[in-house]
Structure formats: structure tokens, C-alpha cells
Amino acid sequence: MYDIAIIGAGINGCSVAYEFTQAGKKVLLLDMQKIAGGGSGAAGAFISPKFSKAGELKELLHDAFEYSMEYYNKHFPHLIKNAPLVHIAQNEADAQSLQIYKQKSSLELLTPPQHLLKSFTKEAQEKENVSINAGVVNAELMCLAMAKSADFKRHEVKNLLYEDGYWLIDELYAAKEVVLATGAYEKLINEPYIKLRGVWGHRIDVRTTTPNSHSLHQFVSISASDNGKIAIGATHDVNYHPQTSKEIYDIQKGRNELLEKASRTLKLDNIKIEKDYMGLRSGSFDYMPLVGKLVMSQETLQNSTINFKTKKPNFQAYDYHPHLSMINGSGGYGFVLAPYLAKILTEYILQGKAISDRISPARFFARYAKKL
Ligand SMILES: Cc1cc2nc3c(=O)[nH]c(=O)nc-3n(C[C@H](O)[C@H](O)[C@H](O)COP(=O)(O)OP(=O)(O)OC[C@H]3O[C@@H](n4cnc5c(N)ncnc54)[C@H](O)[C@@H]3O)c2cc1C
């Protein structure tokens, strides 16, 4: 019997596995692919805040960015490369947001060196920019390091059954607690209010003779060069899904898009593409992640004492699946959010600490029930 079974070994599942193994728990980590075989293996994985003027996602990402930079540097210093980042506005509206961001930001703002600015295209030189200390994580090795003390099994989970006080997984494994960290793949629990959209992304590693000392974010992200190697990512394709699309993904089209967008920031000479990475990001419909326990919709809807039409729903009145939670919907910021969200989820499971309504999956049940 495991203390906890985590389904999905991307950065979210691996971060939760790390928290629980560190707390001395017996952890089962299941994935139908290898560790970091989903969206996480494709990620850049740039650790940066959201450079917008306001909003709750910006606030969450600011806190997560500060937490995760310290966390990766403390626990896995060999797997994070600290590199200054220059974020360049794409257009006028973006430039105005950046100006407000700079006025309000509590992060230390850097002045990009002149030689770097001179290496930009004319279009990029003329745009507003902001520079901070940031980092880039080795995506696959980070997931592997976090999962090291968990019991990993390659297995596609089809069925979850709660019986006699524990979860039975495909009649093979038993655990007291289950966490779903399944990304944008098909749903395991059939709850109609949980809706996630998969956004397909493509990034490439290239060799180039152009030196680059900073991470650059504009139309795409360009990493600092490491012995002549640069990572460029990523595309955003809401139409392609590896589990449901009939057509084959057009790799050449993705490469062309990445190189064209990168060339609008920096002229890269003698490019040779070394490797392609592709995967699905999983986004929620209000862009905030989903972390916490799961409402049992059928049972809750039958509760005649609950007013589902209210503007201020009381999440505590809902019925929840016992010992079942999820961590998902990190969009393009999975590596920024995961350590921070895993801490929140672990504190909830082990200590009963409340999770904010703004990231609780129950918010989507409240909207669903109101519409019925
Ligand atoms: C090209 C690209 C570039 C990106 N760049 C960045 C970046 O620079 N910075 C950043 O922070 N984020 C970036 N992201 C986003 C980041 O990768 C995601 O937010 C993150 O990977 C989400 O992690 P996850 O663990 O939720 O999902 P995933 O990594 O997709 O993991 C889910 C896992 O669940 C498994 N699974 C699903 N269903 C089952 C089942 N029934 N049984 C067993 N296993 C199952 C899947 O096999 C998969 O391995 C990028 C994403 C892409 C695609």
C-alpha cells in the first residue's frame, strides 16, 4: 500500500512526488510514457515571471517565480542555469504594459549591455524592453531528479476505484491518496466541469555562430548560447492534438515559424537545427491553474440546501471525492509554477491547509452548476 499515487510524471507530478518523498512518504509515480514524456519533456524551460501590467495570473506567477528560482537553486543547483533575461515588447500595447510593469515591479531591474542591444535587429532595438535575473531549467533531468526517490512504473491508468478507505488503481496498485497530474491528455475522472485545452508546442535546439549572452523573449524565446547551441521556442497551436488529430504534425512548418520569429529579434548566422521537441501544454479556460480536491458533481447537485445561482458560492458545502486531488492547467508556465503549486497541494494533503478559491477546481464546478 502506497501513501500516495501520483498519475502523470511531468513537472507537476514529479514536483509533488519530490515533496512527498522528502516528507518520508511512500510514493508511487505512474506514467503511460517515460518520466517527462509529455509536455514537460518539450519545455524550454525558461523560468520567468509574466510581464504584464496587472491581473491575478501575473500576481501568482510573480510569487511562483520568486519561490521556484530559490527552490531550484537550493535543491537542484546543477540543473538550473541562472541567466539574465531581456523581455522585449512585441507591439505598442505590449510596450505600455512593460512600462507599467517596470514602475510597479519589486524585482531588481537590470540594464542590458550595449553590445547585446546592438546585436538585436533594428525592429527589436526600437522596442521597449525589461531585463531581470532569471533561469533556465534542464527539463527532463529536473523531472528525473525530482522523481528519484519515488517508485516509478510505466503504466497507463484506465480505472480508479475508491473502496474500503483506499484507492485501487486498475486493480494493480493501492494507495491512500491519489493526485492526478495528467496534463492535457484524456481525462481519467469523468467530471463534466473539468475542461482543459491542449495547446501544442514545438521548440528547437540550433547550432549557430552568433554568440548570445542573455535569454531573449519577444515573438519566441531564445536562450543564451551554450557552446554554440541555442534553444528557440515555442509555437502555439490550438488545433493539433496528438491523441485526436487525423493529420500528421508538419515539423518543417513549425521550424520555419520558429526561425522566422527568432530572426525578428536577433540575426542568427549559419544555423543548423540539431533537435526538435514537441508536446502539449495544458491550459484552463480562465488561464489560472487547477490545484486541489475534486467536487463530485452528481452528489453535490442533488443537495437541495445549496443555492447554485449565488454570486458567492460556498465551496465548503460541496461533496468531494475522498483523498483525490489534481494539479494541472499550468499553460506555458509549468516549470515556473510546479514547485510552488506542489508545496500548496502537499500542505493541503498533509496538514489540511486551505487552498485559495482562485486555483481550486471547485470554481469550475460552481460555474457549471450555475449554468444548469
Ligand atoms: C514546446 C513547449 C515549450 C514550453 N516552454 C516552457 C517554458 O519555457 N517555461 C515553462 O515554465 N513552461 C514551458 N512549457 C509549458 C510546460 O511544459 C507545461 O506547463 C508543463 O509541462 C505541464 O506539466 P504537467 O506535468 O502538467 O503535464 P505533462 O508534462 O504533459 O505531464 C502529464 C503526464 O501525464 C501522463 N498521463 C496522462 N494520462 C495518463 C494516464 N491515464 N495514465 C498514465 N499517465 C498519464 C502523460 O503521459 C504525461 O507524461 C512549454 C511547453 C511546451 C510544449
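The model is a predicted one, in which local features need pLDDT of at least 70, side-chain atom pairs count only at pLDDT 80 or more, and totals for chains, interfaces and linings use all residues. Residues are numbered from 1 along each chain as its sequence is written.

The protein is assigned domain 1 (2-39 + 142-196 + 285-371), domain 2 (53-137) and domain 3 (198-211 + 223-283); such bounds come from an automatic or database domain assignment. The centres of domain 1 and domain 2, taken over C-alpha atoms, are separated by 30 Å. Their contact takes 11 residues from domain 1 and 13 residues from domain 2, where two residues are in contact if their C-beta atoms, placed from the backbone, lie within 7 Å. On the domain 1 side, α7 (139-147) and α10 are the elements that give two or more residues, and α10 supplies the largest share, 5 residues. By class, this side has 10 nonpolar, no polar and 1 charged residues. Here Ala, Val, Leu, Ile, Met, Phe, Trp, Tyr, Cys and Pro count as nonpolar, Asp, Glu, Lys and Arg as charged, and the others, Gly among them, as polar.

Helices (H or I, at least four residues) and strands (E, at least two) are DSSP runs, numbered from the N terminus. An open sheet of 8 strands has the order β3-β5-β4-β11-β12-β13-β10-β14, with mixed pairing; two strands pair if DSSP finds at least two bridges between them. Since β3 (46-47) and β14 (272-283) stand at the edges with a single partner strand each, one side of each is left without a neighbour in the sheet. The antiparallel strands β3 and β5 (residues 129-137) are joined by 2 bridges, and F46 has V136 in β5 as its bridge partner.

The largest nonpolar core has 106 residues, and A5, I6, A17, V137, C143 and V179 are those with the most contacts inside it. Helix α10 (residues 334-351) contributes the largest share of this core, 10 residues. Such a core is a set of buried Ala, Val, Leu, Ile, Met, Phe, Trp, Tyr and Cys residues joined through C-beta atoms within 7 Å. A residue is buried if 20 or more other C-beta atoms lie within 10 Å of its own, exposed if 12 or fewer, and partly exposed in between, with C-beta atoms placed from the backbone.

The ligand has 45 residues around it, of which G10, G38, G44, G183 and G334 come nearest; a residue is near a molecule or strand if its C-beta atom, placed from the backbone, lies within 6 Å of it. This shell draws at least three residues from each of domain 1 and domain 3. Strand β14 gives the largest share of the shell, 5 residues. The classes in the shell are 19 nonpolar, 22 polar and 4 charged residues.

Some backbone features remain. Most residues other than glycine have a negative phi, and most peptide bonds are trans. A cis peptide bond with omega of about -20° joins G44 and A45, and A45 is placed in the loop between α2 and β3. The bond from G233 to A234 is also cis, with omega near -5°. N270 has a positive phi near 50° and lies in the loop between α8 and β14; with 10 other C-beta atoms within 10 Å, N270 is exposed.
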